Amino acid sequence: MEIKIINENKKQFIDLLLLADESEAMIDKYLERGDLFALYDNGLKSVCVVTRESSDTCELKNIATCEKWHGMGYGGRLIQYIGEFYRDKYKTMIVGTGEAPSIIRFYEKNGFCLSHRIHNFFTDNYDHVMFEDGVQLVDMVYLKKEL
């Protein structure tokens with residue numbers, strides 16, 4: 001298993017990033033200003049983007065694993081890696097997500113706890129109704145992890 005930081009041609013990963021964020025326009029808002037990490041294990045398995053939000057906080061903006069590799073631990077391994085990578089640079093990592101129970105459980109399993117929410121984020125910022133695990137996404141739920 002190898003994790004690489006990608007500094008050039010980040011858009012080559014757009015198909016995978018779109019699994020976690022359905023809007024290419026939204027991805028474009030953070031992709032170039034963020035650090036892109038790609039996890040390889042006999043081929044690309046998972047990617048994530050992390051941005052600087054303040055002097056002591058970074059945000060996990062996007063994390064996606066190829067669908068056929070879901071449940072194999074690649075997402076968790078990537079979160080562990082970036083936590084170690086940013087430990088000396090930031091105090092806290094945050095992540096915003098929809099209120100789907102399986103996604104919340106994934107982040108909690110990886111050391112995050114509930115922080116706050118932005119009401120109507122998905123309905124205000126996307127041009128279509130979005131669902132995850134049968135749940136309509138309305139509010140952005142933020143979780144945080146102390147590094």
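Me: Where is Trp69 found?
Reply: Trp69 is found in the loop between E4 and H3. Helices (H or I, at least four residues) and strands (E, at least two) are DSSP runs, numbered from the N terminus. This is a predicted model, where local features need pLDDT of at least 70 and side-chain atom pairs count only at pLDDT 80 or more, while totals for chains, interfaces and linings use all residues. Residues are numbered from 1 along each chain as its sequence is written, and side-chain values use heavy atoms, with hydrogens and water left out.

Me: Is Trp69 buried, exposed or partly exposed?
Reply: Trp69 is partly exposed, because its relative accessible area is 26%. Buried means under 20% relative accessible area, exposed means over 50%, and partly exposed is in between (1.4 Å probe, protein chains only).

Me: And how far apart are Trp69 and Ser46 in space?
Reply: They are 8.6 Å apart, C-alpha to C-alpha, and 23 residues apart in sequence.

Me: Which strand is Ala64 in, and is it buried or exposed?
Reply: Ala64 is in strand E4. Ala64 counts as buried because its relative accessible area is 5%. Its C-alpha atom is separated by 6.2 Å from that of Leu16, 48 residues apart along the chain.

Me: What about Glu24?
Reply: Glu24 lies in helix H2. Its relative accessibility is 36%, so Glu24 counts as partly exposed.

Me: How many bridges join E2 to E3?
Reply: Six bridges join E2 (residues 35-40) to E3 (residues 44-54), and the two run antiparallel. Two strands pair if DSSP finds at least two bridges between them. Ala38 stands opposite Val47 in E3.

Me: What does E9 pair with?
Reply: E5 pairs with E9 in the antiparallel sense over six bridges, and there Gly96 stands opposite Tyr142 in E9. E6 also pairs with E9 in the antiparallel sense, over five bridges, and Leu114 stands opposite Leu143 in E9. E9 is mostly covered, with five of its seven residues buried.

Me: Which residues are buried in H3?
Reply: Tyr74, Gly75, Gly76, Leu78, Ile79, Ile82, Gly83 and Tyr86 are buried in H3. The helix has 13 residues and reaches 18 Å from its first C-alpha to its last, close to the 18 Å expected at 1.5 Å a residue. The expected span is 1.5 Å times one less than the number of residues.

Me: New topic. How much space lies in the largest pocket?
Reply: About 1200 Å³. Of the 45 residues that line the largest pocket, the closest to its centre are Ala20, Ile63, Thr97, Ile103 and Tyr107. On a 1 Å grid over the protein atoms alone, a cavity is a set of points where a 1.4 Å probe fits but cannot get out, and a pocket is an open set with protein on both sides within 12 Å along at least five of seven lines; lining residues have an atom within 4 Å of a point. Grid points are joined across faces, edges and corners, and a volume is the space filled by probe spheres set on the points.

Me: Where does the largest share of the lining of the largest pocket come from?
Reply: From E4, with seven residues. Elements that each supply at least two residues of this lining include H2 (24-31), H3 (74-86) and E9 (140-146). By class, the lining has 23 nonpolar, 12 polar and 10 charged residues. Ala, Val, Leu, Ile, Met, Phe, Trp, Tyr, Cys and Pro count as nonpolar, Asp, Glu, Lys and Arg as charged, and the others, Gly among them, as polar.

Me: Last one. What is phi of Asn9 near?
Reply: It is near 50°, a positive value in a residue other than glycine. Most residues other than glycine have a negative phi. Asn9 is in the loop between E1 and H1 (14-17), and Asn9 counts as exposed because its relative accessibility is 56%. Asp133 has a positive phi of about 55° and is not a glycine either; Asp133 lies in the loop between E7 and E8 (135-136).
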